[in-house]
Amino acid sequence: MAASLFAVTQADTVVVGGSENWRYGYNYTEWAADNAPIYFEDTLVFKFKKTPAHSVYLLPNLYSYLTCDFSKAKLLANPSQGHGDGYAFVINQWRVFYFASAEGNDCKDGLMKLIVVPWPRY
């Protein structure tokens, strides 16, 4: 019986932006607040069309996120990798994740950036 008290639920697959997907002009800060929490081992799926071009970068820190500085960012998905099933990213570390698109003004003007702080799943 004690084991059932500590049963671990399965990880979820979460489409970033829901039905709006990963697109210019959508407020991902609000979306993240409305869809929290994201759990450790969940998979985030970034879906976007080939045109206009978007991307997914993992930014190294809050400053890079706030200023849309991609100089030390890691490219996760280029503009051709988000269509169809999208690009899947597993939250597999205990850290803050900063995501953004570097195409055109996506990050600065288009609000295409997202912070994820994973929660433990009990």
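Me: Which cysteines does the disulfide join?
Reply: Cys-68 and Cys-107, with 2.0 Å from S to S. A disulfide here is a pair of cysteine sulfur atoms within 2.5 Å. This is a predicted model, where local features need pLDDT of at least 70 and side-chain atom pairs count only at pLDDT 80 or more, while totals for chains, interfaces and linings use all residues. Residues are numbered from 1 along each chain as its sequence is written, and side-chain values use heavy atoms, with hydrogens and water left out.

Me: Ok, and what is a disulfide in general?
Reply: A disulfide is a covalent bond between the sulfur atoms of two cysteines.

Me: Which parts does the pair tie together?
Reply: Cys-68 lies in the loop between helix 3 (62–67) and strand 4 (74–77), and Cys-107 lies in the loop between strand 6 (97–100) and strand 7 (113–116), so the pair ties together parts that are 39 residues apart in sequence. The helices (H or I, at least four residues) and strands (E, at least two) are DSSP runs, numbered from the N terminus.

Me: Cys-68, buried or exposed?
Reply: Buried, since Cys-68 has a relative accessible area of 11%. Buried means under 20% relative accessible area, exposed means over 50%, and partly exposed is in between (1.4 Å probe, protein chains only). Cys-107 counts as buried too, at 4% relative accessibility.

Me: New topic: salt bridges. How many are there?
Reply: The structure holds two salt bridges. The term means a side-chain nitrogen of Lys or Arg within 4 Å of a carboxyl oxygen of Asp or Glu. One of them is between the side chains of Arg-23 and Glu-20, at 2.8 Å from N to O. Arg-23 is partly exposed at 33% relative accessible area, and Glu-20 is partly exposed at 32%.

Me: And which residue does Asp-42 pair with?
Reply: Asp-42 forms a salt bridge with Arg-121, and their closest N and O atoms are 2.1 Å apart. Asp-42 sits in the loop between helix 2 and strand 2 and Arg-121 in the segment after strand 7, so this pair ties together parts that are 79 residues apart in sequence.

Me: Is Asp-42 buried or exposed?
Reply: Buried, because its relative accessibility is 1%. Arg-121 is buried as well, with a relative accessible area of 16%.

Me: Let's go to His-54. Where is it?
Reply: His-54 lies in the loop between strand 2 and strand 3. With a relative accessible area of 5%, His-54 is buried.

Me: Which side chain makes a polar contact with the side chain of His-54?
Reply: That would be Asp-106, at 2.7 Å. A polar contact is a pair of N or O atoms within 3.5 Å; within protein, one must be able to donate a hydrogen and the other to accept it, and residues adjacent in sequence count only if both atoms are side-chain atoms.

Me: Now the backbone. Where are cis peptide bonds?
Reply: One joins Ala-36 and Pro-37, with omega about 0 degrees. Pro-37 is in the loop between helix 2 (28–34) and strand 2. Another joins Thr-51 and Pro-52, where omega is about -5 degrees. You'll find Pro-52 in the loop between strand 2 and strand 3 (56–59).
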